[in-house]
Amino acid sequence: MRHREHDEHHRRRRLQLNEKLFEALNHRLEERIQELREAGLIPEDPDAPIRYMCECSREDCRERFAMEPEEYARLHSEPADCVVLQGHEMLDIEVVVDEIGDLLVVRKRPV
Ligand SMILES: [Zn+2]
């Protein structure tokens, strides 16, 4: 592999890992919120929307979107998929597979 291609491969890989990191954080966030709901510390139904973090690959993105846990789980049934805000997609590492309001479901291209 030539040097530049090598760097490009690493750049894409890093961007994709960043998305997977935010997905993992969202799963932890959801778990914690569901524990607090079950314990009665947050007065909400278990299926009430949760404010998840945008799963895009911008390292400085701190935006959130509200979604019911059931829908969040459904959108992640494909392991390569992430949910990002409109305009946060990066088409050189992923393709848009679904559009829900101001959100996009993106699927990572193999690197
Ligand atoms: Zn974002």
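**Close-up views of a predicted model**

**View 1. The open sheet of strands S3, S5 and S4 in the predicted model.** Three strands form an open sheet in which the order is S3-S5-S4 and the pairing is antiparallel. Strand S3 (81-85) and strand S4 (94-100) stand at the edges, and because each has a single partner strand, one side of each is left without a neighbour in the sheet. On average, and with direction ignored, neighbouring strands of this sheet are turned by 35 degrees against each other. The antiparallel pairing of S3 with S5 runs over five bridges, and in S5 the residue Leu104 is the bridge partner of Val84.

**View 2. The largest nonpolar core.** Eight residues make up this core, namely Cys54, Cys56, Cys82, Val83, Val84, Leu104, Val105 and Val106, and at least two of its residues are supplied by each of S3 and S5. In soluble globular proteins, nonpolar side chains tend to be buried together. Cys56, one of the core residues, touches Glu19, Cys61, Val84, Leu85 and His88 when residues up to four places away in sequence are not counted. Of the 111 residues of the protein, 16% count as buried.

**View 3. Strand S1 and its pairing with strand S2.** S1 is joined by four bridges to strand S2 (residues 64-67), and the two strands run antiparallel; in S2, Phe65 is the bridge partner of Tyr52.

**View 4. Helix H1 and the strands against which its buried residues pack.** At 1.5 Å a residue, the 36 residues of H1 should span 52 Å, and the end C-alpha atoms of the helix are 53 Å apart, which agrees. Gln16, Glu19, Phe22 and Asn26 are the buried residues of H1, and the buried residues of this helix pack against S1, S3 and S5. Glu19 is also among the residues touched by Cys56. The helix is followed by Gly40, whose phi is positive, near 80 degrees.

**View 5. Lys108 and its surroundings.** Lys108 is found in strand S5 (residues 103-108) and counts as partly exposed, because it has 19 C-beta neighbours inside 10 Å, whereas a buried residue would need 20 or more. Leaving aside residues up to four places away in sequence, Lys108 touches Gln16, Ala80, Ile93 and Glu94. The C-alpha atoms of Lys108 and Gln16 are separated by 7.2 Å, although these residues are 92 residues apart along the chain, and Gln16 is itself one of the buried residues of H1.

**View 6. The whole protein, for orientation, with the confidence of the prediction.** The protein has two helices and five strands, and from the N terminus on its elements run α-β-β-α-β-β-β. Along its principal axes the C-alpha trace spans about 55 × 25 × 25 Å. Among contacts between residues at least 6 apart in sequence, 45% join residues at least 24 apart. The average pLDDT of the protein is 93, and 99% of the residues score at least 70; among the elements, helix H1 (residues 3-38) has the lowest mean pLDDT (92) and S1 the highest (98).

Note on methods: Residues numbered from 1 in each chain as written. Pairing = 2+ DSSP bridges. pLDDT = per-residue confidence, 0-100. Buried ≥ 20, exposed ≤ 12 C-beta atoms within 10 Å, placed from the backbone. Contact = placed C-beta atoms within 7 Å. Axes fitted to C-alpha atoms, helices over the stretch in contact; angles between N-to-C directions. Core = buried A, V, L, I, M, F, W, Y, C linked by C-beta atoms within 7 Å. Expected span 1.5 Å × (residues − 1).
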